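Let's take a friendly walk through a protein model, looking at its domains and its salt bridges. Keep the structure open beside you as you read.

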Amino acid sequence: MRAEELLTIARSVAVTAGELAARRRSEGVEIAASKSSPEDVVTLADREVEALIRSLLADARPQDGFFGEESEADVGSSGLTWVVDPIDGTVNYLYGVPHYAVSIAVVEGGPDPLTWMALAGAVVNPAISEVFTATRGGGAFLGERRLAVVAAELPLALVGTGFAYLAERRREQADTLVGLVGEVRDIRRSGTASLDLCSVACGRLNAYYESGLKPWDHAAGALIAAEAGARVTGWGGAPASQDFILAAPPTLAATLETLLAGQSTHSRSLPAAPPVG
Ligand code: LIP
């Protein structure tokens with residue numbers, strides 16, 4: 001199946017799932033459980049939205065694999081895997097901040113960002129009806145508008161980032177930020193990685209970086225940012241992963257990676273975060 005056909009499925013399912021997420025938000029959100037820490041919660045809506053997405057994708061593409069935040073992975077038999085965050089920006093969603101997203105990507109390969117190749121992705125913010133999409137080699141779009149990153153010199157770069165759910169890790173990430181904040185225009189912390197990556201794609205941010213993301217947080221947004229002209233990378237040209245992701249126009253990305261590598265030397269020597277799943 002061509003990437004455009006896969007994108008049609010991703011977009012349609014993400015929009016439908018976004019409508020359910022927004023409806024549940026308007027009815028009131030209930031925490032179902034906490035995960036890695038009391039701050040790291042899952043809502044009943046997270047689970048319900050992922051179940052809807054999983055069902056719609058199984059109907060459309062029964063042979064494909066599924067890798068979602070709230071349910072068991074399934075490898076499938078087609079060689080394609082759907083990577084899904086039913087509600088990215090869970091804390092924003094819980095607090096009623098209208099900045100959360102349904103993120104759906106389809107990749108060639110299994111559920112490993114170090115080896116998969118993203119083919120198509122959709123990130124939908126239902127609170128403001130924004131639909132970001134991309135296909136590999138086909139460009140990135142916000143609705144029908146083609147997207148392109150906006151370059152900036154480091155001192156004038158607006159840089160997005162995020163923090164972990166573990167307090168000790170947040171302290172180390174804040175230490176890194178102390179060394180960066182005086183070198184750039186300003187920092188933004190939106191709370192939704194997929195939308196941060198889409199913001200780089202459309203110029204609402206010049207750059208975004210974060211450590212500790214799960215694969216479903218960045219699978220679709222990374223493709224959208226790359227198709228808009230961003231360099232999306234891990235450390236030293238490695239694929240983006242839980243270890244580190246940086247998205248920015250190529251020249252700014254190189255400058256930022258050098259600066260962050262120096263700031264993060266200490267934290268990078270910390271043991272790697274526990275494997276996903
Ligand atoms: C969130 C990310 C965000 C990060 C948060 C959390 P979730 O994902 O989108 O960028 O800073 O710590 O990981 O938990 O809302 O799906």
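## Two domains

The protein chain is split into domain 1 (3-146) and domain 2 (154-268), with bounds taken from an automatic or database domain assignment. The contact between them, meaning heavy atoms within 4.5 Å, takes 41 residues from domain 1 and 27 residues from domain 2. Their C-alpha centres lie 21 Å apart.

Please keep in mind that this is a predicted model, in which local features need pLDDT of at least 70 and side-chain atom pairs count only at pLDDT 80 or more, while totals for chains, interfaces and linings use all residues. Residues are numbered from 1 along each chain as its sequence is written, and side-chain values use heavy atoms, leaving out hydrogens and water.

## Where the domains meet

How much area do domain 1 and domain 2 bury between them? The value is about 2,600 Å², with 65% of it on carbon and sulfur atoms. Buried area here is the accessible area (1.4 Å probe) that two parts lose on being put together, summed over both.

Across this interface the rule finds 2 salt bridges. A salt bridge is a side-chain nitrogen of Lys or Arg within 4 Å of a carboxyl oxygen of Asp or Glu. The side chains of E130 and R204 form a salt bridge, at 2.7 Å from N to O.

## Salt bridges through the structure

In total, the structure holds 11 salt bridges. One of them joins R24 and E48, whose closest N and O atoms are 2.7 Å apart. This pair links distant parts of the chain: R24 sits in helix α1 (residues 3-27) and E48 in helix α2 (residues 44-60), 24 residues apart. Helices (H or I, at least four residues) and strands (E, at least two) are DSSP runs, numbered from the N terminus.

Buried means under 20% relative accessible area, exposed over 50%, and partly exposed in between (1.4 Å probe, protein chains only).

Another salt bridge brings together the side chains of E39 and R170 (2.9 Å, N to O). E39 lies in the loop between β1 (31-34) and β2 (41-43), and R170 in helix α4 (residues 167-181), 131 residues apart. E39 is partly exposed at 32%, and R170 is partly exposed at 27%.
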